[in-house]
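Subject: Structure handover

Hello,

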Amino acid sequence: MKPPTLTADILSRLHHVKVRGEGADLSCFPDFLIVGPQRTGTTWLYHNLKCHPQIFLPRDKETFYFKALVKKEAERKRYDSLDDYLAIMRDSPGRWIKKSYDALRRCGERYRPEMRGEATASYATLPGAVIADIAALNPDIKAIVMLRDPVERALSHAKKDLVRDAGKNPSELSVEDYQKFFRAKGQRNLAKYGEIISRWEPHLAAGNLMLGEFRQIAEAPEALLGQIHRFLGVREGAKYLHPRLLRQRINPAGESPVPEDALAFLRELLAEEVEDFRRVVNALPGAGIAHS
């Protein structure tokens, strides 16, 4: 159970989180985080969970709050203190009314959030000291890590950031452009699922880390969301699944081809990461959804 307010004891255990003083209201601090990594279905998960009347998610998917605590560049720093971050973790009156209307229309229930969360895909690679801060602010926090074949994930990331977001034509990019993107340290770290798990797991209570598989978004989205609902402790059932969003591709990277030489380079580069991914997936119980 998360503490209701920020105390001197909690304050003394924080490494990076900045606060204006003791007594901050922690009732709106997240109960769970969708931590990524990027291009593993976190946007799809955010939109589908936001439809549940017992779940609060902020209006914008990516807050980058905890990432900005250790990011040297300040371009994504939106909140000067924990107090500012907590302010966006509650509904405005207008948003409350809209969510209540939508919940009654879709589920026949009132909007009464019991679990608050947020989704920032770059949280997967947070350093241990920041994760320790998160756990100090809510010792019972839960985390969801999504798993995707490292080669597929890197290709999707390249098609989005290197091609689509840059406004370029795939033919304008050389093999060297792709190789430079794939070699970046940040890209390699996003593929190291074993390290991501070992970084988060020690700071979480037993059973509070869940691993979801990207492939199930296409193959069995109902089962994936059902297990996540159970993991979060909210009601499950068909009425909590949005028919349109359930099967919708959200934020697709596009179908632009990648040069075969670049693909061969990527497969060789991530050979160890692919083996690590398979080891993690093969260790999952049942269909490979939950991990505790």
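A salt bridge here is a side-chain nitrogen of Lys or Arg within 4 Å of a carboxyl oxygen of Asp or Glu. This is a predicted model, in which local features need pLDDT of at least 70 and side-chain atom pairs count only at pLDDT 80 or more, while totals for chains, interfaces and linings use all residues. Residues are numbered from 1 along each chain as its sequence is written, and side-chain values use heavy atoms, with hydrogens and water left out.

Salt bridges

The structure holds 19 of them.

E273 pairs with K192, with the closest N and O atoms 2.9 Å apart. E273 sits in helix α15 (residues 271-282) and K192 in the loop between α9 (185-190) and α10 (193-200), so the bridge ties together parts 81 residues apart in sequence. Helices (H or I, at least four residues) and strands (E, at least two) are DSSP runs, numbered from the N terminus. E273 is buried, at 3% relative accessibility. Buried means under 20% relative accessible area, exposed over 50%, and partly exposed in between (1.4 Å probe, protein chains only).

E109 bridges to R235, and their closest N and O atoms are 2.7 Å apart. E109 is in the loop between α5 and β3 (115-119), R235 in the loop between α12 (221-232) and α13 (243-246), so this pair links parts 126 residues apart in sequence. E109 is buried at 13%. R235 is partly exposed at 39%.

D102 and K98 also meet in a salt bridge, at 2.8 Å from N to O. Both lie in helix α5 (residues 93-107), 4 residues apart, about one turn of the helix. D102 is buried at 15% relative accessibility, whereas K98 is partly exposed at 45%.

Helix pair

The axes of α8 (residues 175-183) and α14 (residues 260-269) come within 9 Å and cross at roughly 20°. Axes are lines fitted to C-alpha atoms, for helices over the stretch in contact, and angles run from 0 to 180 degrees between N-to-C directions. The two helices are therefore roughly parallel; that label covers angles under 35 degrees. On the α8 side, the contact (heavy atoms within 4.5 Å) is made by V175, Y178, Q179, F182 and R183. On the α14 side, D261, A262, F265, L266 and L269 take part.

Best wishes

Definitions and conventions:
Parallel < 35°, antiparallel > 145°, perpendicular 65-115°, else oblique.
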